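Here are a few friendly notes to read alongside the structure. Take them one at a time, and look back at the picture as you go.

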Amino acid sequence: MSSLTGYAAVSMILFSLGAIGVVSRRNIFVIYMSIELMLNGINLFLVTFARYHFNMDGQIMSIMVIAIAAAEAAIFLSVIILLFKTKKSLDTNMFTQLKEEVK
Amino acid sequence: MQTPYLLWIILLPLAGALINAGFYFYHIKFREVPEKLFAIVGTVTPFIAFLFTLNLFLQLLDGSANFEQTLFQWLEVDQMSIEMKFLGDKLSIFMSMFVTFVGWLIHIYAVGYMKGDKGFGKFFAYFNLFLASMLILVLADNPVILFIGWEGVGVCSYLLISFYYTDANNVMAGNKAFIVNRVGDLGFILGVVTLFFALNQTGLSFTEMKANIHLASNDLLILSGFLLFIGAMGKSAQVPLYVWLPDAMAGPTPISALIHAATMVTAGIYMVARFHFLYSSVEEIGLFIAYIGAISALFAAVIATKQTDIKKILAYSTMSQLGYMFIAVGLGFYSSGLFHVFTHAFFKAMLFMGAGGAILALHHEQNIFKMGQHRKRLPIISATFLIGVIAISGIPPFSGFFSKDAILAAAFQEGQYLIWGMGMFTAFLTAFYMFRLYFVVFKAPSKQEESYVYTDKTITFPLVVLAIGAIGAGFLNFPAIFHGSAFVDSWLAELNSVKLHMSHGTEYALMVASIAVAAAGIFVAYKKYYNYDVYKPETEDGLIGNKFYIDEIYHVLFVKSIKKMSVFFVETIDDKIIDGFLMATSKGFVNIGKKLAVIQNANVRYYAFYMLAGISVISFYVYITLIGQ
Amino acid sequence: MIDVVFLALSFFAIAGGVTMLLHKDPIYCALGLLISVLSVAGLFALLSATFMFMVQIIVYAGAIMTIILFILMFLNIRAEDLPKEPRKNILVTLGVIFMIPVNLLIMEGVTRLPDADMSITNKDGFGGIHALGMKLYQEWLLPFELISILLLVALVGAVVLAKRREKKKGINNV
């Protein structure tokens, strides 16, 4: 079971769960955490193939991804705080300033 | 042989029209132009044209060859080549002789009649233009040029009928004349086209067609003959395209005299005579023409017995006499028909002018019973009127007798006893209603003291001249049995008319019969109307009085139905279907846009969803391709 | 033996993901994510990526999850602040349907690759710090420097975003 196919399957399932979460949940925290789950899934995929090809490049890329995820965490959560301060709500459907009023 | 005069005959009235038109513009825009100027230009030009025509006539009398004048090549497309060319053969010169002469007299009459009218100059411009168009028609060398004149007289007729344009009824009458004529014109054009193709596209001029007539198949000749006659039906007011003629009386009396008595309405007969080579070879169409003529003659005469407007009575009488002419040309007696055209021009123009003089004297009263009530003493008018009425009834030795009798004898000789019978009965009715008119207007006892009214010389002079013609014109074609010269018959010999050849006994018997019939009509009118109480006028009631409701029938059949169709096209097809379709298309686009705009609801999660959907679709497609390999 | 461990770790990873996806309360979602992250770290170890295993635990589970929980508690979210999600289940189902083709495609591609040995190995110090360090500073030097700049930018950005704004006349406070 712990063959290439198995690891690939797990990583794809994690990625899918993350994608579904971004699309279907309204709570902004959950959206953020789904993004992090997606990144995790991809990391697993990269490391799997690093082992498959016996090449360290996959792991290097994975480290880059983690670094970026960290940076993103900082920014994302600051933005969440700011949004919560203005609208006092965690609902993403509240933020519709991109829309033009249709007469 | 070539001559420059044919163009001048036409150009002179045309120039008169243009000069008068120019002066009229000046008159209404800048300063007043005296009526005398318009009158002089308007009357001198037809007179000079008459002199030129007389000159050509005398030359032809001396034995000269036919005159031609080619101006320029007008159209040349493949085998069809049309030249602007005029032909002055015996028929054309004969027609243009009395057209210019009677036209000139009526122009003089119009000077007196239209005196004081605001549009005096405009009237003479139109009138001269009419004369020019009629001359183009008569002098044309090929049917296309004839059609130019044909259309021109139609236009001038419309312009002049609607002359008193402030009253909408007059304009409607003008429209009616033009539109009904148009129906006829369509037939004419189709006839010319058919003839052109029937003759295998050899030449379009009359002389060429005459030479090539044997090339055409009989069926095509029948078709083109019929179509050309439809044009004549419209122009010469025969059944069923006659409805415009009574309404055309809305125009001033001079045009009723010239256009609707002497000239334009005879264009149809002239055309049939011109195409004699065609009609001689298709006798079925000729018989059809004769029957139409007989029916129109009888029909009009019946209606005229109940009319009360003096001009309408004369209009129906014109239609009736035109029917006689068509009987003649239909049966192949071209010269007899044209002779009746000639005599009819004289006495009908005179009758109309006399009626116009009476109308003027009685302050524009047109109902014959009211005219009887207010009678004044009008010696010259009533005398010339009497001469005209006797002439039209066919009493010898006035001219109407000779021409009408020739036609009736022709019908009898050809074995067309029905036509002969209808013609005889129509003669009876003609005498009846014309004398009814005369008695009621001039003779029935009026309680009013008859004061003498001075009538202008410009009105009486033409009346007298035409009276001489009405009396004497008959002698131009004095029949052979009276040892006459039969001048007109021999003049028009090249038309190959059928000749009268019956025994003298029959001919005398027929003459006596027609005189008897006319006398009977006069007698009945005398009994009824000589002492008629004009203070109890007849009204136009009943089937005959309402003109057999033909106008109403036409209105329902044609006007209403076409109007309904137009309304249908505008409202249903144009508004609902075509517009509706276009508007639906554009609205559909707008609606689709509105519905699609829902996608952009500014909710970023939805955008992410759409991206996901897109990726999903693409990967599905790639997956399908991948497992296929 | 390896298979059992693999199956257990996969199960926890996926279970954590599902919890995170479906639960209403964000604290529980964060907990689910934490379990998932830790399981993924374990999977890294199974794949001979020892350094990755440590980095995952230190950075992801240790730093990122901590800050998420910290912010969650900082904002003092009550139950009524949570958004109502009436159609969550429908959307999740829809999402599943849309994700299936993508997964199918990837798995199809992966299964066509030839088999290779995926056992735990230490050959050439694979997955160790030394090997990773050498690779990082020799081949991947430029991305390494850029990542550091990125982290600097994130740092500055976080400070700017979190600063208290003075109230200016007529300008919104966002």
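The points below start with the two chains and then turn to one residue.

1. Please keep in mind that this is a predicted model. The values that follow are computed from it.

2. Let's begin with chain A. Three helices and zero strands make up its list of elements, and along the sequence they give the pattern α-α-α. Chain A has 103 residues, and 62% of them count as buried.

3. Chain B has 629 residues, 56% of which count as buried. You can look for 25 helices and two strands in this chain. Chain B exposes about 25,900 Å², and carbon and sulfur atoms supply 68% of that area.

4. Now consider contacts with a separation of 6 or more. In chain A, 59% of these join residues 24 or more positions apart. For chain B, the corresponding share is 80%.

5. Is Thr343(B) buried or exposed? Its relative accessible area is 0%, so Thr343(B) is buried, because buried means under 20%.

6. Which residues does Thr343(B) touch, leaving aside those up to four places away in sequence? They are Ser399(B), Ser403(B) and Ala473(B).

Key:
Residues are numbered from 1 along each chain as its sequence is written. Chains are lettered from A and ligands numbered from 1 in the order in which they are written. This is a predicted model: local features need pLDDT of at least 70, side-chain atom pairs count only at pLDDT 80 or more; totals for chains, interfaces and linings use all residues. Side-chain values use heavy atoms; hydrogens and water are left out. Buried means under 20% relative accessible area, exposed over 50%, partly exposed in between (1.4 Å probe, protein chains only). Contact means heavy atoms within 4.5 Å. Helices (H or I, at least four residues) and strands (E, at least two) are DSSP runs, numbered from the N terminus. Accessible areas come from the Shrake-Rupley method with a 1.4 Å probe; for residues, only the protein chains shown count as cover.
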